[in-house]
Amino acid sequence: MTGYKNGIANGTNGHGGEVNGQTKNAPAYTAIENSLTKRQQSLVKDDYHVKGDVAFDEMNLWNGKLQYTNGINGTNGVNAANGVNSIHHNSKESPPSQISNFNDVMSYSYEIIKEIADYLLEKTSIRPKIGVICGSGLNSLADFLTQTDAFPYESIPHFPISTVEGHVGRMVFGYLEGVPVMCMQGRFHYYEGYPLSKCSMPVRVMKLVGCTHLLATNAAGGLNTKFKVGDIMLVRDHVNMMGLAGNSPLQGPNDPRFGPRFPPMTNAYDKELIKIAKKISVEMGIEKNIHQGVYTCLGGPNYETVAELRMLRTLGVDAVGMSTVHEVITARHCDLTVFAFSLITNKCPSDYDSDEDEANHEEVVSVGKQRQNLCAELMCKMVRAINESPQCK
Ligand SMILES: O=P(O)(O)O[C@@H]1C[C@H](O)[C@@H](CO)O1
Ligand SMILES: Nc1nc2[nH]cnc2c(=O)[nH]1
């Protein structure tokens with residue numbers, strides 16, 4: 001990328017970044033910016049808002065800056081990176097001298113998240129207690145909200161946009177069963193080109209807006225042979241495959257205003273809420289379609305090979321998807337109580353001669369639509385139960 005090369009050439013004297021908590025432009029960064037294409041410049045000017053397929057341009061752009069930083073490999077280079085970085089990152093903690101991946105430079109500061117939360121709170125009088133994330137095909141869950149104020153993602157400052165079919169791309173405030181909630185109609189995935197910290201950034205917005213609970217849903221492939229298409233798995237635990245490979249939404253400097261450096265995850269999914277969901281499933285007469293299990297998130301966007309599915313099964317995974325885990329880690333880090341469920345949209349084959357159709361997104365979205373009313377009913381009843389729980393009082 002030419003811009004990147006020029007960035008290196010002009011950036012040796014780069015300095016700037018955060019001075020006494022204030023953002024300053026790094027001259028080296030300006031040099032990079034000047035050498036970008038018109039489209040890339042508009043991304044920068046637009047404060048890194050991305051539209052449709054340009055999400056990957058953003059990543060390449062950052063990649064250029066990142067390599068530039070490492071290319072300089074010294075104090076000036078780091079300062080220059082900090083100048084770039086300070087667009088989203090004003091942490092009091094110093095950045096590492098060797099920035100090693102996207103998450104370090106891409107994380108949003110507390111101040112930016114607060115700005116987003118304040119923007120939303122100024123535009124709506126609704127004060128949500130529960131944040132809801134709609135999975136693939138489950139966007140219509142938000143249609144059950146009343147007295148809504150909806151914000152398309154492109155209208156919210158510093159927000160990415162959702163590029164996936166079946167994800168509307170709006171934050172909807174409203175009431176479910178009379179309980180104030182905010183609902184993401186579409187989430188951000190790693191495969192869209194966003195780093196994990198950006199995928200789960202809205203969870204921190206939920207926290208700063210005043211939510212005490214996160215209720216996440218997703219579409220997932222069923223590995224457990226007892227699961228049928230259309231069943232629901234209450235997430236009891238997860239295996240953080242991406243985390244095991246060294247990728248975390250919490251990577252980079254920690255801001256203690258969100259939570260501790262080393263948060264525990266042994267009770268990530270609230271036991272009481274799982275018990276309540278089971279009770280509700282009996283009341284709804286769907287107990288045979290409700291399971292409990294372990295979810296894992298892979299980077300996607302490709303679905304899994306048979307060998308990968310066999311490995312995941314051996315690891316004790318019951319359902320596989322491409323989301324939720326990093327959102328839950330972010331939620332637990334800032335002490336939100338979490339409940340999550342997976343809609344099983346396809347069965348994962350365990351051998352090469354399986355009769356199962358190959359996984360495909362059309363089927364995922366279609367099963368989501370077929371089961372949306374059931375999922376919405378479970379969701380509504382959960383929201384009511386959470387609202388009545390002592391934690392929410
Ligand atoms: O957003 P979720 O996790 O519900 O969506 C899953 C994972 C991919 O985005 C998509 C694959 O079909 O479904
Ligand atoms: N990774 C993954 N994500 C999914 N989302 C819906 N079904 C699947 C699946 O089989 N695998």
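α7 (110–123), α9 (201–209) and α13 (325–333) each give at least two residues to the lining of the largest cavity. Helices here (H or I, at least four residues) and strands (E, at least two) are DSSP runs, numbered from the N terminus. This is a predicted model, where local features need pLDDT of at least 70, side-chain atom pairs count only at pLDDT 80 or more, and totals for chains, interfaces and linings use all residues. Residues are numbered from 1 along each chain as its sequence is written, chains are lettered from A and ligands numbered from 1 in the order in which they are written, and side-chain values use heavy atoms, with hydrogens and water left out.

Back to that cavity. It holds about 230 Å³ of space, and 20 residues line it, with Ser107, Tyr108, Arg204, Pro253 and Phe258 closest to its centre. By type, the lining splits into eight nonpolar, 10 polar and two charged residues. A cavity is a set of points, on a 1 Å grid over the protein atoms alone, where a 1.4 Å probe fits but cannot get out; lining residues have an atom within 4 Å of a point.

Now for ligand 1. There are 13 residues around it, and Ser136, Tyr191, Tyr303, Ser323 and His361 come nearest (a residue is near if one of its heavy atoms lies within 4 Å).

| Side chain | Distance to an oxygen atom of ligand 1 |
|---|---|
| His189 | 2.7 Å |
| Ser323 | 2.6 Å |
| His361 | 2.7 Å |

On its own, ligand 1 has 340 Å² of accessible area, and the protein covers 97% of that (Shrake-Rupley method, 1.4 Å probe). β7 (213–222) and α14 (361–370) are the elements that give two or more residues to the shell.

What about the backbone? Most residues other than glycine have a negative phi, and most peptide bonds are trans. Gly300 and Pro301, though, are joined by a cis peptide bond, with omega about 0°; Pro301 sits in the loop between β9 (290–297) and α12 (306–314).

Two residues other than glycine show a positive phi: His158, near 65°, and Glu177, near 55°. His158 is in the loop between β4 (146–152) and β5 (170–176), while Glu177 is in the loop between β5 and β6 (179–185). Buried or exposed? His158 counts as buried, at 7% relative accessibility, and Glu177 is partly exposed at 40% (buried is under 20%, exposed over 50%, partly exposed in between; 1.4 Å probe, protein chains only).

How values were computed
A polar contact is a pair of N or O atoms within 3.5 Å; within protein, one must be able to donate a hydrogen and the other to accept it, and residues adjacent in sequence count only if both atoms are side-chain atoms. On a 1 Å grid over the protein atoms alone, a cavity is a set of points where a 1.4 Å probe fits but cannot get out, and a pocket is an open set with protein on both sides within 12 Å along at least five of seven lines; lining residues have an atom within 4 Å of a point. Grid points are joined across faces, edges and corners, and a volume is the space filled by probe spheres set on the points. Ala, Val, Leu, Ile, Met, Phe, Trp, Tyr, Cys and Pro count as nonpolar, Asp, Glu, Lys and Arg as charged, and the others, Gly among them, as polar.
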